[in-house]
Amino acid sequence: MNTGATRYAGTRVRRVEDARLLTGHGTFVDDVVRPGMLHACFVRSPFPRARITGIDPAEALALDGVRAVFTAADLNPDVREQWYTLTGKDIPDTPRPPLADGEVRFVGDPVALVVAADRYVAEDAADLVTVDYEPLPPVVDYATAHESAELVHPDYPGNLAGEIALPGIEPAFDEAPHVIERTIHQQTYAPVPMETRGLVVEWSASDGALTIWAATQAPHEMRLFCSRLLGIPEHRVRVIMRDTGGGFGQKVLPMREDMCVMLAARKLPAAVKWIEDRRENLMAASQSRHEHADVRMAFDNDGTILATQINYVQDVGAYPTPWPVQTAAAVGMLFPGPYRVPQGTFSSKSVFSNTAGRAAYRGPWQFESVTREVLLDAAARRIGIDPVELRRRNLLRGNELPYANPSGMPYDHVSPLETFDHAIDLLDYPAFRREQAQARAAGRYLGVGTCSYVEPTTAAMGLHATEGATIRIEPSGTVNVYLSGGSTGNSLETTAIQLTADALGVDIADINTIQGDTAITPFGGGTAGSRSGSMIAGAIAATASVLRDRIVAIAAHRLEASADDIELTGSRATVRGVPNAGISLAEIAWLAYFQVDALPAGLPAGLEASGRYRPQNPIIWANATHVCTCEVDVVTGHVRLLRYIVTEDCGPMINPDVVEGQIAGGTVQGIGGALYEHLAYDEDANPITTTFMDYLIPTAAEVPIIEYGHVETPGPGPGGYKGVGEGGAIGAPPAVINAVADALGVEVTRLPLTPAAIVALLEESR
C-alpha cells in the first residue's frame with residue numbers, strides 16, 4: 001500500500017506548540033487552580049546535620065489562614081514498608097523519608113509542611129514553626145567521607161552507598177610505552193529548569209481517588225509511585241501533565257517533597273498546591289556532577305590506545321534519587337567512548353555527604369567524556385602527536401562495527417570517525433592553527449578543543465522497555481494521537497504530528513496530540529534517556545499500520561478499486577493513476593462510524609487503534625563531535641568562545657529544527673558547567689549559591705552561534721531514528737576545557753574554569 005511521498009518527517013515544520021507558549025497561553029502547574037485550593041510551604045533545616053529535639057507548631061497554627069502543620073510523625077508512618085524508586089523493579093534503594101525524622105541531613109532538608117489558605121500565609125507560618133536542633137558534625141567532603149567517624153546514614157559504614165569494581169589489567173599498563181595518568185575533579189552543578197518543581201494534589205474522599213497535576217517528565221511513573229506510596233489502586237490515581245518548563249532529569253522521578261504533598265492531600269479537605277521557589281530549587285532540589293576520578297590510558301609509540309582505566313567516585317549527597325550505583329557504573333562502562341580500546345577496566349563508588357541529594361541530570365554519565373577527552377589531549381602533548389591526529393588513529397570506523405567495548409557495550413549504527421572528520425572540516429582545522437599562530441605572535445591566546453562521544457539512547461529495559469500510542473480518527477476526520485508522556489521543551493507534540501501525518505497520509509493541520517494524562521493515554525516511560533524520538537516513532541508506526549489498513553480497505557471498497565492501488569495523501573484516499581477518483585478521510589470516518597453496514601465484510605466499525613512498540617536492540621546509539629575555539633584574556637582570565645561546531649549522528653531527523661534545538665540546549669548547559677555554574681558549599685556544608693546572583697548560568701551574551709553538521713547513519717528502529725536529547729551536555733564541557741588548555745598550554749584538572757581559576761592556572765604555569 002502506497003501512502004504517497006513523505007511530506008513532513010525530515011522537514012523543518014514549525015512547532016505546533018509555539019503559538020500557545022509564546023503568547024502566554026500554556027498551562028503550567030502554577031496555572032492550575034482548584035476550588036478552595038490550599039497552598040503548601042516547607043520548613044527546612046538551617047543545619048547540614050543536626051538532631052531534631054522538638055518541633056512546636058503552635059504559633060504557626062494560631063496564624064489566621066493556616067490549616068495544618070505536618071511533621072514526620074504525621075506523614076512518615078503512612079509510608080509503605082517497601083517501595084522502590086523504579087516501580088516494578090526490586091532494586092536496592094537508599095533511604096528517603098518524606099520529612100526529616102529524628103535528624104536533618106543537609107541544609108534545606110524538609111522538616112515540616114505548612115498548609116494555609118495562600119502561599120503568603122504559608123510562608124509566614126513556616127517562619128513561626130519552632131524547631132529545636134542539636135547540631136552534629138557534618139560529613140562535608142565526599143572524597144574523604146570514608147575516613148570520617150561521622151555517618152550520614154547509620155546503616156552505611158564508611159558513608160558508602162555502593163560500589164562496583166572490575167578486575168585489574170596491570171600488565172597492559174606495565175608493558176605500554178606511554179601511560180598517561182590524571183586525577184580530574186568536577187564541581188557540583190544543577191539542572192535549574194526554567195520551571196521549578198511543583199504539583200497540585202486533590203483527594204476525593206467520596207470515591208477514594210487522587211488527582212495530581214504535576215511538573216513531571218514521566219506521568220505514568222508518578223502514578224505508579226503514588227499508588228505504591230499511598231496504597232491506592234492504580235486506577236484511582238490520575239496524573240495530569242500539561243506544559244512542563246524543562247526537567248533535564250530532575251523531574252523524572254518523584255522526590256521527597258512530592259511524597260509529602262501526596263501524603264498530606266489525603267488529610268486535607270481541598271486540593272493542595274506546592275510550587276518550589278528558586279532558592280529552594282538551588283538549595284534542595286538536587287545536585288549533580290560532583291565527582292572525581294583517577295584515570296589512565298596506555299598508548300604505544302604511534303599513539304594507538306592499548307588500555308583504559310577509570311576509578312570513579314561520585315558525591316550522592318544525603319538522599320539521592322534514584323539508586324546512584326547504577327548511574328555510577330555507566331560512567332565506567334562508557335569511559336572507552338567511541339575509540340578502539342582492546343582492554344579496559346573501571347571501579348565506581350557512590351558516597352554520601354551532608355549535602356543535597358544527587359539526581360539524574362542530562363547525560364548522568366557525562367564525566368566519562370570529560371575525563372577521557374581531557375586525558376587524550378594530555379596524551380597528545382606527552383607523545384608529541386597533534387590531538388586531532390591522535391583521535392583519528394583511534395576512532396572507530398564504520399567497517400569495524402558492530403564493536404563491543406571492554407565493558408561489553410555493543411556499539412553499532414554509529415559513525416565516530418566520519419562525524420569527527422565532518423566537524424573538523426567545518427572548522428578548517430589547518431586554517432585555525434595558522435590563525436592561532438598569528439594571534440600568539442600578536443600576544444593573543446587562541447585555542448581549540450574537541451570532544452567525541454557515543455550516547456546510549458532508547459535503553460529497552462524496565463520502565464523504558466516499551467512505548468504505546470492510541471490513534472483515534474474522529475467522525476469529522478480529525479486525527480487525535482494519544483501518547484503517554486508530554487513535552488518538556490523537546491517538542492514531542494510537533495514530532496508526533498509529523499510522524500502520524502506521514503504514516504496515515506494525513507494533512508498535518510488535521511492532527512492533534514493528547515499527552516501526559518494517565519487517565520486517557522497508554523502507559524509509557526516518559527521523557528528520559530534520549531528515548532522519546534525513536535520510541536514514539538515506533539509506537540506511532542505500530543498503531544498507524546492498523547488504522548492505515550482499515551482506511552485503505554474502506555476506500556478501496558467505496559471506490560471499487562484494488563487496495564494495492566490506493567494512495568493516501570493530504571487527508572484523502574485516491575486511486576493511483578486516477579486522481580479524480582478519491583474520497584476524503586472525513587468521508588471514510590463517516591462511513592466507519594455511521595454507515596457500518598456499508599463497510600467491507602469483516603472490517604470492524606470505527607477508526608481507533610492502540611499499539612505498542614518494543615525495540616529489538618537493547619540500546620540505540622547516537623554519536624557526535626563537538627569542536628570549540630576560544631580566546632582567553634591572560635590578564636583577567638576571561639574566556640570568549642569564538643566558534644562552536646557540533647556534528648551529530650542521530651540518524652534521520654524527524655524535524656531538524658527540533659534536533660538542533662536539543663543540541664543547542666544541551667550545549668549551553670555544558671558550556672555553563674565548564675565555565676560558570678557551581679553549586680558551592682562552604683567548609684561547614686552550608687550552600688552559598690542559592691540565587692542567580694551567586695549561581696551563574698550562561699546568557700545569550702556568552703553563548704556563541706552554534707554551527708551544526710549532520711551525519712546520518714540510520715538506527716535499527718522504525719525510520720532509523722535515534723535519540724539526541726543528552727549529547728550536547730555531554731560533549732560541551734570537555735570541548736571547552738580542551739580549548740582553554742590549548743590556548744594557554746596548561747593542564748586543567750579542576751572545574752569550573754572561572755576567571756579566578758584560569759589566572760591561578762597561569763600563575764602556577766609560570
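Predicted model: local features only at pLDDT ≥ 70, side-chain atom pairs only at ≥ 80, totals over all residues.
**View 1. Helix H12 and its surroundings.** Helix H12 runs over residues 416–427 and has twelve residues. From its first C-alpha to its last it reaches 17 Å, close to the 16 Å expected at 1.5 Å a residue. Its buried residues are Pro 416, Leu 417, Thr 419, Phe 420, Ala 423, Ile 424 and Leu 427. They lie on the same side of H12, because the arc they cover around the axis is only 165°. In an α-helix there are 3.6 residues a turn, so residues three or four places apart point the same way.

**View 2. Asp 428, between two helices.** Asp 428 follows H12 and lies in the loop between H12 and H13. Its phi is near 65°, a positive value in a residue other than glycine. With a relative accessibility of 39%, Asp 428 counts as partly exposed.

**View 3. Helix H18 and the residue after it.** The 18 residues of H18 should span 26 Å at 1.5 Å a residue, and the end C-alpha atoms are 27 Å apart, which agrees. Helix H18 is largely enclosed by the rest of the structure, because 17 of its 18 residues are buried. Just after H18 comes Gly 745, which takes a positive phi of about 70°.

View 4. Helix H10 covers residues 367–383. For its 17 residues, 1.5 Å a residue gives a span of 24 Å, and the end C-alpha atoms are 24 Å apart, in agreement. H10 is mostly covered, with 15 of its 17 residues buried. Gly 384 follows H10 and has a positive phi, near 90°.

**View 5. Two cis peptide bonds.** The peptide bond from Leu 401 to Pro 402 is cis, with omega near -5°. Pro 402 is placed in the loop between H11 and strand E16 (403–404). Another cis peptide bond joins Leu 751 and Pro 752, where omega is about 0°. Pro 752 belongs to the loop between helix H18 (727–744) and helix H19 (755–765).

**View 6. Arg 289, a residue with positive phi.** Arg 289 is found in the loop between helix H8 (278–285) and strand E13 (291–299). Its phi is near 70°, which is positive although the residue is not glycine. Is Arg 289 buried or exposed? With a relative accessible area of 2%, Arg 289 is buried.

**View 7. The second largest pocket.** This pocket has a volume of about 470 Å³. Its lining is made up of 21 residues, of which Tyr 142, Gln 187, Thr 188, His 290 and His 678 lie nearest the centre. By type, the lining residues divide into eight nonpolar, eight polar and five charged.

View 8. Gly 26 occupies the loop between helix H1 (18–22) and strand E1 (38–44). The residue is buried, its relative accessible area being 14%, under the 20% limit for that class. Leaving aside neighbours within four places in sequence, Gly 26 is in contact with Arg 20, Leu 21, Asp 31 and Asp 243. Gly 26 and Asp 243 are 217 residues apart in sequence, while their C-alpha atoms are 6.3 Å apart in space.

**View 9. Asn 617 and Pro 716.** Asn 617 sits in the loop between strand E25 (608–613) and E26. It is partly exposed, with a relative accessible area of 26%. Along the chain Asn 617 and Pro 716 are 99 residues apart, and 7.2 Å separates their C-alpha atoms.

View 10. Ile 705 lies in the loop between helix H17 (656–675) and strand E28 (706–710). Its relative accessibility is 73%, and it therefore counts as exposed. Ile 705 and Gln 250 are 455 residues apart in sequence, and 27 Å apart in space from C-alpha to C-alpha.

Key
Residues numbered from 1 in each chain as written. Heavy atoms only, no water. Helix = DSSP H or I, 4+ residues; strand = E, 2+ residues; numbered from the N terminus. Expected span 1.5 Å × (residues − 1). Buried < 20%, exposed > 50% of the residue type's maximum accessible area, 1.4 Å probe, protein only. Arc of directions from axis to C-beta. 1 Å grid on protein atoms, 1.4 Å probe; cavity = no way out; pocket = protein on both sides within 12 Å on 5 of 7 lines; lining within 4 Å. Points joined across faces, edges and corners; volume = space filled by probe spheres on them. Nonpolar A, V, L, I, M, F, W, Y, C, P; charged D, E, K, R; others polar. Contact = heavy atoms within 4.5 Å.
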